[in-house]
Amino acid sequence: MTIDMEQFHQVFFEESFEGLDVMETGLLNLSPGTADMEEINTIFRAAHSIKGGSGTFGFMDVSAFTHVMETLLDEMRDGRRQVEQRGVNVLLGSVDCLREMLAAIQSGDEVDSKSVSTHQKELEIELNGSRSEATGEAAEIVVPEPDKAEDSAVNLGWHIIFCPHVHLMKTGNDPVRMFRELEELGDLTVEADFRGLPEIQDLDPEECHLSWDIRLEGDIERHEIDEIFDWVEDDCDMSIISFADEAEKNRPAEEDLVAGEPIVEKVVPAQETAKAPTKQAVKAEPEVKRPENKPAAKPASASIRVDTAKIDSLINMVGELVITQSMLSSLGEDFDMTKLDLLQSGLSQLESHTRELQQSAMGIRMMPISFVFSRFPRLVHDLSSKMGKQIELKLSGENTEVDKTVIELISDPLVHLVRNSLDHGVEMPDERIAAGKPALGIVHLNAFHRGGNIVIEVTDDGNGLDGDKLFNKAVEKGVVEPDTQLTEKEKFDLIFAAGFSTAEVVSDVSGRGVGMDVVRKNIEALGGHVEIRSKLGKGSTFAIYLPLTLAILDGQSVAVGDETYIVPLASVIESFNLKPEMVSYVAGRGETFRLRDEYLPILRMDNLFGVHRTESGKGSDGLLVVVEGQGTRCGLLVDDLLGQQQVVIKSLETNYRKIEGISAATILGDGSVGLILDIPGLLRLANR
Amino acid sequence: MSEPIDNKEMGGATELSENQYLTFQLADEMYGVDILKVEEIRGWEPVREIPNTPAFIKGVLNLRGGVVPIIDLRARFGMEQIEYHAKTVVIVLLIGEGDDQHVMGIIADAVSEVLEVDRGEIKNAPNLGASINTRYIRGMVMGKNMVMLLDADKLLNPEEFSLIEDVG
């Protein structure tokens, strides 16, 4: 029977990447000097499954590489090795390397063998170094060769406990001959156990009452040993344990022997023993808390993992909808006016089911923000040590759900903001102490829902933004005129201007003056905006406001002539009847109106879009919808307000291309197409 | 009032379909498009205008939940405009290949027939000088009427629209 392994590859890769993320998270949680068993176990198990999986699928490089990591982890697990920062860093590097290897294999590229061997060497140096410290003997580390798929465990040697049954010699096997064969494989130490011997008068010379404790050192593959014992497999009890697994397995086995009981029951047959560590790991799993965040999927993959509960509720909803539909159709077969009530209640049921169905269908696209957050512990860990700062990263609200598209698009801007906080926000430890703050700086990532928005905040307790410094810098760079009057908030917003950087020294982390403007552009492309709150000396907060979903929008329909446009409700501030006396003219042409304490421009939608208005009149007879986009406000002059509704966003770019002033299209209730207005685009259009 | 066309039924033997063209009328001229590109043929119905686009883009239409731009070929070719009437049709075409596919509709005065053309019968479009752009014409077929075979991919490429707009 042949099974096409290829079909499982995708699953293997997904699981391996998840495993790597688990390892990474675990490694970052390890604090030097202490050995958190749960954490180490989690890491070890992840490494072990990757090793096993890659062996099964024939990715021998991966399996061999992981094996070395596993050995190192195993020593930590047994307490034979201190958890040190150096070791953790080497392991983190290896995780990266492994991820690259897997990604290369997945995409069918060449594995970068140079980087692999570098990391493998580092691992081995780490392994060697402390082993000789710990045991005083310079053990030889052998680079494991790719092995048979079944078990590629290769290590320093094997500990074999060989307890033949009494009739062994009658079957024509001679233990001594087997020992000689073993000797050819490596350095052999054999100790005989005489405890099973009967009194001399009871001894039958053709019976075997001895058992042996064999230590075989060298780079020997498991199957070589198995070959030697092949013939006696059924006539003995034995266990073969690699030295790496020995420490924990050896003790109970020896105790069993000491107890002198018939070995048959206690000593597990060879095959099982070899697998025992795996079993143990599996058993231990439920007790160990898995990290809460499911690790991030590769953004490139077009598939998405959906909670079964969500699918179940979707199916339920569809079921309900079918029932309602059949009820309505039976009602329609012989309808008369007496059944009007039934029809109306049926229709309202249909409406509510449709809405629920829509919501749960949207829910499938929603994923917890932890998919994005999970990458930050590593980033902060790496960057803070590189910059010599002490920074703690706090995460909260990781379970806040966001649209998948938002997840994919928000991570780069967010990385930039976090890097910025690390680099410019949090000060060096001595500066912090001088300012009366603890040396350990805190960067806090928080996500939560507010209204129809999801808010992601990056907060640091660093130095905060200096509005005046920003202003001076902006003047220096020619971003603003020196005599411009700006509010504090507007000064903060200067850092989003293109070609602006406050860092005195340009580091490789941030400060090239590109970035913040790109950050804002990206976020606005998602229909969101960024707000800065900052207090000099206390810290600053960058808050990203994003729409919950990109597929549905709350809209206000407005009529302009015969056309209907949708204004995103989120950008509508208020609307009122525009009376001629409210309008003032700038240079005789530009129309403005006064809204409380500011003058805002009027955009005439009919002029802007070349639509004929049904009602005529200059500056009057129209409704003014005050809208806000990218921080600027303006009034849109329309003929009528038609009502609010949720609209499903349909891209115009699928079949056409982007149109200035229009963000997308939608299908209106009557089946015709409606166009959704893009407020910043309208402003640009008006400024031409 | 729409009549979806099943390509396979119409095409019959698929191996011949490379040579099948749907012909339609614009004023007194006959044009043809590769039948494999044709998604469906619909009667004219009012569309939603898109602001600030070239005049030949009449607007967008809801086609089973998709938003499809509709191009007036008379306007595109600079021909005289007429009122749309009962026979006016929208031919919905699938443009491009692979991942880069999009749907667009063209307005024609009327559809006439499916023309089977031997490859050998297709003549290159004559060079008509700078005044008439023959880039969008794949070739011509002489029959009782002359049929101009359009290269829909080139004709309905949104990138080209922007070029026209920028020039205009």
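## Sheet of chain A

In this predicted model, strand 1 (residues 157–164) of chain A is joined to strand 4 of chain A by 7 bridges, and the two run antiparallel. Strands here are DSSP runs of E with at least two residues, numbered from the N terminus, and two strands pair if DSSP finds at least two bridges between them. Met238(A), in strand 4 of chain A, is the bridge partner of Phe162(A).

The open sheet of chain A has 4 strands in the order 2-3-1-4, with antiparallel pairing. Strand 2 (187–193) and strand 4 (236–242) of chain A each have a single partner strand and stand at the edges, so one side of each lacks a neighbour in the sheet.

## Contact between the chains

Chain B and chain A each give 19 residues to the contact, which is counted where C-beta atoms, placed from the backbone, lie within 7 Å. On the side of chain B that touches chain A, strand 6 of chain B gives the most, with 4 residues.

## Basis of the model

Residues are numbered from 1 along each chain as its sequence is written, and chains are lettered from A and ligands numbered from 1 in the order in which they are written. Local features need pLDDT of at least 70 and side-chain atom pairs count only at pLDDT 80 or more, whereas totals for chains, interfaces and linings use all residues.

Key. Contact = placed C-beta atoms within 7 Å.
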